[in-house]
Amino acid sequence: MIVAEDLRRVYTMGRVEVRALGGVSLEVAKGEFVGIMGASGSGKSTLLHILGLLDRPDSGRVTIDGTDVLALSDHRRTLFRLNRLGYVFQDYALIGELTALENVYLTSLVRGASKKEYLDRSADILERVGLGDRMNHRQSELSGGEQQRVAIARALVNNPSILLADEPCANLDSQTSKSILDLFARLNEDLDQTIVMVSHEEWHKEYFCRVVTLQDGLIADVTECRKGPRPGGGE
Amino acid sequence: MLAGLRVSAFLAWKSIQRGSRGTLALTIMIIALIFVNLVFLPSIISGVVETFNTQSIDFDLGNLVIEPREGSQYIDGVGSLQKTVGRIPGITGTSPRIAAGVTYFYKGRNAASTLYGITPEDERSVTKIADSMTEGEFLSNGDTDAIVMGTTLAGTEGEEAGGLPSLEGVGVGDSVEVAYPNGEIRTYRVKGIYETQSFSVDTSAFITSREMSGVLGLQDQASIILVKTEVNGREEEYKTEILSYGVQEEVRTFQEKSGGFVDQAIQSFNIINAISTLVSLIIAIVVVFIVIFINTVNRRRQIGILKAIGIDQQIIINSYVLQVLFITTVGALVGIVLNAGVTTYLTAYPLVFPGGPVYPAVEASAILRSIASLFGVSVVAGYIPAWRIAREDILSAIRG
């Protein structure tokens, strides 16, 4: 599904060159829930941004579902993000002027879906993430956990091949974080949703199928984690 | 394309609907005032032209004037010339006038101005002075010792007319002495006072041609013949027509007779208008640019997120352009309403110019031109800041 080969990325900050990725190769299979972990500055967010077509490596190759995504024009990359990828950002990144429902169906509007189609689908996903009664609330009227659930619903509305999450629990308390991770795990198991998530919390590991640990822009370790049922899966 | 526009419209509408109401109202108001400014001055210029034309035709010159041949002081054979011109279809009246520069004396005060000798009946067929009497009556054909004078020349007791000829308080029934250029002095009883609001007419006076011809020793002669036509605006055609009837005297339209005075004034007005338009449009550009610039800078991160989730930058830019179009449309509509208010007020209380009262004449072309220019500059001023932010690298925008 995702094949990343020898990704290198160097940022220039003033006169200093910072090596964010020094040759990372990674494969993510369909239906995997992969955690990218590592210390601050290890290159995990850079890797996620490159896999999510938000950034370009200086060299290397990324193939998603057989498409060489680095060869795409900016416009095609935008369409690829719209149709194939879903994002969950650390700080929710909702559009403040839109309600939860509007935030969720915005990308469906771009895809040209009919009103009934995008309303039904968005409402259904919001129900599924537990926000059926908060659909018409705006960002300022939602708690952190609720906002992140809206962001997840937005990321899922177009049935993306891959869900990319950049430290989605960083701003949430542990209880809310757990509910978000449970939601991710459920999506992964029930819908076979491929998820790549950046995290630095050790206890998140129990949710991941595989953990890729980065250190100084290189893969330091790859660990298979969850073997059995997900935490709380029996609930 | 259509789906993209739908999203742009959706984002624009939500931003307008749920954004800052105060900023929106202020921006719309500024655009409205700029619109009023763009329309107001041209409407006043059109009003000046219209006033000048109407006043010239109704009180001063008629549509055309016939003047003596080159080298002659007077037109001879006025009676037969009047008959000739009067036969031309579309000519509704002719009024011969004898003009003399005279000095009026009244209670030790004096004023120099023009005195016209007219045939009252003929004058009524051309000008509306007889309908503009504020006191007394207009002249009759048989009057020999009567004079009617303009309100400025008659003046008001104890008030100077700001450099204009004024006898400061002449009333109907008073006697005024008139000193002619040939040394003759006559006393006339003021039969009426008129007000046309055209300063050259209101500083003049009229007596009958019969009386003036007697004083100046003229016979069937006139300094000028005013010609009234059935419709205004076709003076050039009538001029050609009159000349084709074999009239040897000089025939000029009222515009030619005024010697380009109005043309020069209009040229000056147009320069002022061009500067005013330019300044207004620059203000519009700056206001729209600043509003959209601040808006996009404040939403830099949001724009980055929109791009990250797969929304094309053109959709984002278009959403700002649509916001600008909305602001400009509402601003122009409010401007039209404000302008209607200003126009209504100035129609009730017109600006007083030396040529007469000026009513704003709002032309559809001026409104359309203003709307088009306002939309043009607004779209450009809105597009540029939106484009600058929207083309920014996604991660830089998201990081703010």
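In this predicted model, six residues of domain 1 of chain B are in contact with four residues of domain 2 of chain B. On the domain 1 side of that contact, helix 2 (21-60) and strand 12 (356-358) of chain B are the elements that give two or more residues, and by class the residues on this side divide into two nonpolar, four polar and no charged. The two domains themselves follow the domain assignment of chain B, in which domain 1 is made up of 2-56 + 262-399 and domain 2 covers 62-257. Their centres, taken over C-alpha atoms, are separated by 50 Å.

Chain B also holds a helix pair that can be followed residue by residue, formed by helix 12 (residues 313-348) and helix 13 (residues 364-390) of chain B, whose axes come within 9 Å and cross at roughly 150 degrees. Angles over 145 degrees count as roughly antiparallel, and helix 12 of chain B and helix 13 of chain B are therefore roughly antiparallel to each other. The crossing of helix 12 of chain B and helix 13 of chain B is right-handed. From helix 12 of chain B the contact draws on residues including B:Q313, B:I316, B:Y320, B:V324 and B:A332, which meet residues of helix 13 of chain B, among them B:I371, B:F375, B:V379, B:Y383 and B:W387. Sorted by class, this contact of helix 12 with helix 13 of chain B has 15 nonpolar, four polar and no charged residues.

Between the two chains, 19 residues of chain A are in contact with 19 residues of chain B. On the side of chain A that touches chain B, helix 2 (74-84) and helix 3 (100-110) of chain A each supply at least two residues, and the largest share, five residues, comes from helix 2 of chain A. The class make-up of this side of chain A is nine nonpolar, five polar and five charged residues.

Helix 3 of chain A, one of the elements that touch chain B, also packs within its own chain against helix 4 (residues 115-128) of chain A, at an angle of about 130 degrees and with the axes 9 Å apart. That angle makes helix 3 of chain A oblique to helix 4 of chain A, and the crossing of these two helices is right-handed. The residues that make the contact include A:A100, A:V104, A:Y105 and A:L109 of helix 3 of chain A, together with A:Y118, A:R121, A:I125 and A:L126 of helix 4 of chain A. By class, the contact of helix 3 with helix 4 of chain A has 10 nonpolar, two polar and one charged residues.

A further helix pair in chain A is formed by helix 5 (residues 144-156) and helix 6 (residues 174-190) of chain A, whose axes come within 10 Å and cross at roughly 15 degrees. Helix 5 of chain A and helix 6 of chain A are therefore roughly parallel to each other, and helix 5 of chain A passes helix 6 of chain A in a right-handed crossing. A:G144, A:G145, A:Q148 and A:I152 of helix 5 of chain A make this contact with A:T176, A:S179, A:I180 and A:L183 of helix 6 of chain A. These residues divide into three nonpolar, five polar and no charged.

Turning to the sheets of chain A, four strands form an open sheet in the order 2-1-4-5, with antiparallel pairing. Strand 2 (16-28) and strand 5 (67-68) of chain A stand at its edges, each with a single partner strand, so one side of each is left without a neighbour in the sheet. Two bridges join strand 5 of chain A to strand 4 (residues 59-64) of chain A, and A:I64 stands opposite A:T67 in strand 5 of chain A. Helix 1 (residues 44-51) of chain A packs on this sheet, where it touches strand 1 (2-13), strand 2 and strand 4 of chain A, and its direction makes about 120 degrees with that of strand 1 of chain A.

Another open sheet of chain A has six strands in the order 6-7-8-3-9-10, and its pairing is mixed. Its edge strands are strand 6 (85-88) and strand 10 (218-224) of chain A, each of which pairs on one side only, and the twist averages 20 degrees from one strand to the next. Within this order, strand 3 (residues 33-38) and strand 9 (residues 210-215) of chain A pair in the parallel sense over five bridges, with A:V34 opposite A:R210 in strand 9 of chain A.

Conventions
Residues are numbered from 1 along each chain as its sequence is written. Chains are lettered from A and ligands numbered from 1 in the order in which they are written. This is a predicted model: local features need pLDDT of at least 70, side-chain atom pairs count only at pLDDT 80 or more; totals for chains, interfaces and linings use all residues. Two residues are in contact if their C-beta atoms, placed from the backbone, lie within 7 Å. Ala, Val, Leu, Ile, Met, Phe, Trp, Tyr, Cys and Pro count as nonpolar, Asp, Glu, Lys and Arg as charged, and the others, Gly among them, as polar. Axes are lines fitted to C-alpha atoms, for helices over the stretch in contact, and angles run from 0 to 180 degrees between N-to-C directions. Angles under 35 degrees count as roughly parallel, over 145 as roughly antiparallel, 65 to 115 as roughly perpendicular and the rest as oblique. A crossing is left-handed if the near helix is turned anticlockwise from the far one by less than a right angle, and right-handed if clockwise. Two strands pair if DSSP finds at least two bridges between them. Domain bounds come from an automatic or database domain assignment.
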